[in-house]
Amino acid sequence: MNIVEYLSSLPKMRNTGKVSELEITIAENELGLSFSAEYRDILKNLGAVRACGHEINGFTKSRSLNVIEMTKSARQNEKIPQNLYVFECLGIDDIMMLQNSEGEVYECMGSKITLIADSILSYLKNSIKI
């Protein structure tokens, strides 16, 4: 099962809708990095996603669900390296979930960044109990 199938199978999943390849490329250029293939699939097929207590950032007017705004904000506070982007903010103690272009998932708590999963899919499967 791939990430789009998994997210689509979650109860009460809501999403903002597909994002174009051009929009993705513009966002990558603005952030100076490449999104992982997995995250690109989420954006191209679903956009931002809310499901089972998780909110996967996309391109939205809501700052708290916008990958560009959240990543830029985190960089201003010097919390994250330039090769990572914020795909989820937990809203608890400034905890953020980050990913690099290879797909590795990191948890950021304050100034501590820890590798926790090899993909968003494995991160979600480990944290969602349905």
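Student: Which residue of β3 stands opposite Ala51?
Tutor: This is a predicted model, where local features need pLDDT of at least 70, side-chain atom pairs count only at pLDDT 80 or more, and totals for chains, interfaces and linings use all residues. Residues are numbered from 1 along each chain as its sequence is written, and side-chain values use heavy atoms, without hydrogens and water. Strand β2 (residues 49-51) and β3 pair in the antiparallel sense over three bridges. In β3, the residue opposite Ala51 is His54.

Student: In what order do the three strands of the open sheet stand?
Tutor: Two strands pair if DSSP finds at least two bridges between them. Here the pairing is antiparallel. β1 (14-15) and β3 (54-56) each have a single partner strand, so they stand at the edges, with one side of each left without a neighbour in the sheet. The order is β1-β2-β3.

Student: How many helices and how many strands are in the chain?
Tutor: Helices (H or I, at least four residues) and strands (E, at least two) are DSSP runs, numbered from the N terminus. Read along the sequence, they follow the pattern α-β-α-α-β-β-α-β-β-β-β-α. The count is five helices and seven strands.

Student: What is the radius of gyration of the chain?
Tutor: The radius is taken over C-alpha atoms, and the globule rule is 2.2 Å times the number of residues to the power 0.38. For 130 residues the rule gives 14 Å, and the chain is close to that, so it is as compact as a globular protein of that length. The C-alpha trace spans about 35 × 35 × 25 Å along its principal axes. The radius of gyration is 13 Å.

Student: Are α2 and α4 roughly parallel or roughly antiparallel?
Tutor: Axes are lines fitted to C-alpha atoms, for helices over the stretch in contact, and angles run from 0 to 180 degrees between N-to-C directions. The axes of α2 (residues 21-31) and α4 (residues 67-76) come within 10 Å and cross at roughly 5°. Angles under 35 degrees count as roughly parallel, over 145 as roughly antiparallel, 65 to 115 as roughly perpendicular and the rest as oblique. The two helices are therefore roughly parallel.

Student: Which residues of α4 make the contact with α2?
Tutor: Contact means heavy atoms within 4.5 Å. From α2 come Ala27, Glu30 and Leu31. From α4 come Val67, Ile68, Thr71, Lys72 and Arg75.

Student: In what order do the four strands of the other open sheet stand?
Tutor: The pairing is antiparallel. The edge strands, β4 (85-89) and β7, each pair on one side only. From one strand to the next, the twist averages 35°. The order is β4-β5-β6-β7.

Student: Which residue of β6 stands opposite Met97?
Tutor: Strand β5 (residues 96-99) and β6 run antiparallel, joined by four bridges. Met96 stands opposite Cys108. Met97 stands opposite Glu107.

Student: Which residue takes a positive phi in the hairpin of β6 and β7?
Tutor: β6 (residues 105-109) and β7 (residues 112-117) pair in the antiparallel sense over five bridges. Glu107 stands opposite Thr114, and the bridge partner of Met109 is Lys112. Two residues lie between the strands, and the one with a phi near 65° is Gly110.

Student: Which element of the chain has the lowest mean pLDDT?
Tutor: pLDDT is the predictor's confidence in each residue, from 0 to 100. The chain's mean is 94, and 98% of its residues reach 70 or more. Helix α3 (residues 37-45) has the highest mean of the elements, 98. The lowest, 92, belongs to α4.
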